[in-house]
Amino acid sequence: MFHHLRPLKRLCLRRMCPHSFLCSRALSGAEALNALRPFYFAVHPDFFGRHPREREVNENSLKRLSAYLENLQKPGFKSLKPTQLTFYIRETDQNLSEGQEPLSTSGFRAVKFTLHTRDLLSTVLYILNSCSLSVEHVQSLNTHVRSQPLKEAKRTPDRPIKWDKSYYSFTGFKDPEQDLEQASRVETTLTSWLDNNGKYAVKKLKKSLPLRKELDRLKEELSHQLQLSDIRWQRSWGIAHRCGQLHSLGRLAQQNLETLKKAKGCTVVFTDRSGMSAVGHVMLGTMDVHHHWTKLFERLPSYFDLQRRLMLLEDQISYLLGGIQVVCTEELQPVLTLEEYYSVLDVFYNRLLKSRVPFHPRSLRGLQMILSSDRYAPSLHELGHFNIPILCDPANLQWFILTKAQQARENMKRKEELKSAERELVEALTRKFALEKVYKEPSISSAQMVDCCRRLLRQSLPGLHGMHLCVSHFYSVMQDGDLCIPWNWKDGEAIE
């Protein structure tokens, strides 16, 4: 009946599809990963070791991007929901372009973009261009992709031509701009997200239960065998990954038990590099081989000696500054090795000795300070501790601490109140919804956690029974079934 319209329909389809899609084959998963190498190099969390907040943001966004790319490759998928991602990009002279957001003093900038692509090629191009990275190398992976469409892809949707709405009515295709507009108007609510993702999370959680039990068993056995205080992980690796690391440590214990027992009473942390941390934890680099771990355990007596000297240095600084306590808090500052932290303390102590700034003995007892090597002016943190740069002028330091001391005490009192409230609310939340576990990401403050828990307690959420709930900055179902929700989740009216 409508055979006379077929030529028109073919013309519409040809005009609606970007040239690069008509002339190119689809990228494979391996090719997409290879094409994104410059992007991964610019955002990889390992390069943000001294910036824990930015590192955590990149880790979380990479997980969501990985899930997006995985779903694109599933057979029979129709359309993905728009996914907003935030990355901190390390800058070099090559990828700094005119009109870009200015760099921070740390050498990186924040980039936000929303993915709503339908294939791997357009996704790769959109990511690279959103981050102002070159796309020329994509041609070597897909020889049929012409250079002009690559340039036109910069900071534009994967459909570069805007068509009349009648095209979509006639062909039955979805209008991408309409989808994006609708997604921006309809904000995700907690109840709708749980309704859509609850069963999926339960399925993943049930699948992970045997591994979770195995992880608990391995952790308990190794802690008892080596007489460790605790075993932790610096990053949010999956359960299978953690089990593998414990198996590796267990094999080493079978070969060199007496050497590993030198860590008696210590906390072992699996992280990105081996050594002893500033707070005295034994760090096992997950990329290192058993030989490196063995050498580390053999050197522990010398580390303990350096740790004693470090504590003495902290006491001497405290004495010179009126009794203020020098602390190192890994949740609030970059992870430093024992040697690095000792060097920071030593530089600061020698500057204090030369200046001999007078502080009344014990006048600042009960207050805390954190030394920093990447700041130039002292500041007072909302949690009550002072952030002190090692190169600040001692006279200015004295004036700043004395004028802010009372506010610091008030902030510290407020911090303790928030922590107490947080513990009580987490317990109440666990009881009400019969949750297996409630925890938060390190970047979530106690004030944010308290606000989140109080509002959750006013809800009726039967689907949370037996789940692991993580308070974060975004919605996500983790690989082992943990539910991540933003601390400022919305339900009904938006919360400012």
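## Close-up views of a predicted model

Figure 1. Tryptophan 233 and phenylalanine 270 are both buried (under 20% relative accessible area, with exposed meaning over 50% and partly exposed in between; 1.4 Å probe, protein chains only). A word on the source: this is a predicted model, in which local features need pLDDT of at least 70, side-chain atom pairs count only at pLDDT 80 or more, and totals for chains, interfaces and linings use all residues. Residues are numbered from 1 along each chain as its sequence is written, and side-chain values use heavy atoms, leaving out hydrogens and water.

Rings of Phe, Tyr and Trp (its six-membered ring) pair if their centres lie within 6.5 Å; planes under 30 degrees apart are stacked, over 60 edge-to-face, and the rest tilted. Counted this way, there are eight aromatic pairs. One of them joins phenylalanine 113 and tyrosine 126, which is edge-to-face because the ring centres are 6.3 Å apart and the planes stand at 85°. This pair links distant parts of the chain, with phenylalanine 113 in strand E2 (residues 108-115) and tyrosine 126 in helix H6 (residues 120-130), 13 residues apart. Here helices (H or I, at least four residues) and strands (E, at least two) are DSSP runs numbered from the N terminus. Phenylalanine 113 and tyrosine 126 are both buried. Back to the opening pair: the rings of tryptophan 233 and phenylalanine 270 have centres 5.7 Å apart and planes at 20°, so they are stacked. They too link distant parts of the chain, 37 residues apart, with tryptophan 233 in strand E3 (residues 230-233) and phenylalanine 270 in strand E4 (residues 267-271). Finally, one aromatic cluster is formed by Phe39, Tyr40, Phe87, Phe113 and Tyr126.

**Figure 2. Arginines over rings.** A charge sits over a ring if NZ of Lys or CZ of Arg is within 6 Å of the ring centre and within 35 degrees of the ring normal. Arginine 309 places its charged end over the ring of tyrosine 342, 5.2 Å from the centre.

Figure 3. Four strands make an open sheet with mixed pairing, in the order E3-E4-E6-E5. E3 and strand E5 (275-276) are at the edges with a single partner strand each, so one side of each has no neighbour in the sheet. Two strands count as paired if DSSP finds at least two bridges between them. E5 and strand E6 (residues 282-285) are antiparallel over two bridges, and glycine 275 stands opposite methionine 283 in E6. Helix H14 (residues 290-298) packs on this sheet, touching E4, E5 and E6, and its direction makes about 165° with that of E6. Contact means heavy atoms within 4.5 Å; axes are lines fitted to C-alpha atoms, for helices over the stretch in contact, with angles from 0 to 180 degrees between N-to-C directions.

Figure 4. Where does methionine 369 lie? It is in strand E8 (residues 368-372), and it is buried, with a relative accessible area of 0%. Leaving aside residues up to four places away in sequence, methionine 369 touches Leu321, Ile324, Gln325, Val326, Val327, Phe348, Phe386 and Ile388. The sheet around E8 is open, with four strands in the order E7-E8-E10-E9 and mixed pairing. Strand E7 (325-326) and strand E9 (379-380) are its edges, each with a single partner strand, so one side of each is without a neighbour in the sheet. E8 pairs with strand E10 (residues 386-389) in the parallel sense over four bridges; the bridge partner of isoleucine 370 is asparagine 387 in E10. Helix H16 (residues 338-355) lies across E7, E8 and E10, at about 105° to E8.

**Figure 5. Two residues with positive phi.** Most residues other than glycine have a negative phi. Serine 132 has a positive phi of about 60° although it is not a glycine. Serine 132 is in the loop between H6 and helix H7 (138-141), and at 14% relative accessibility it counts as buried. Glutamine 227, also not a glycine, has a positive phi of about 55°. Glutamine 227 is in the loop between helix H11 (190-226) and E3, and its 41% relative accessibility makes it partly exposed.
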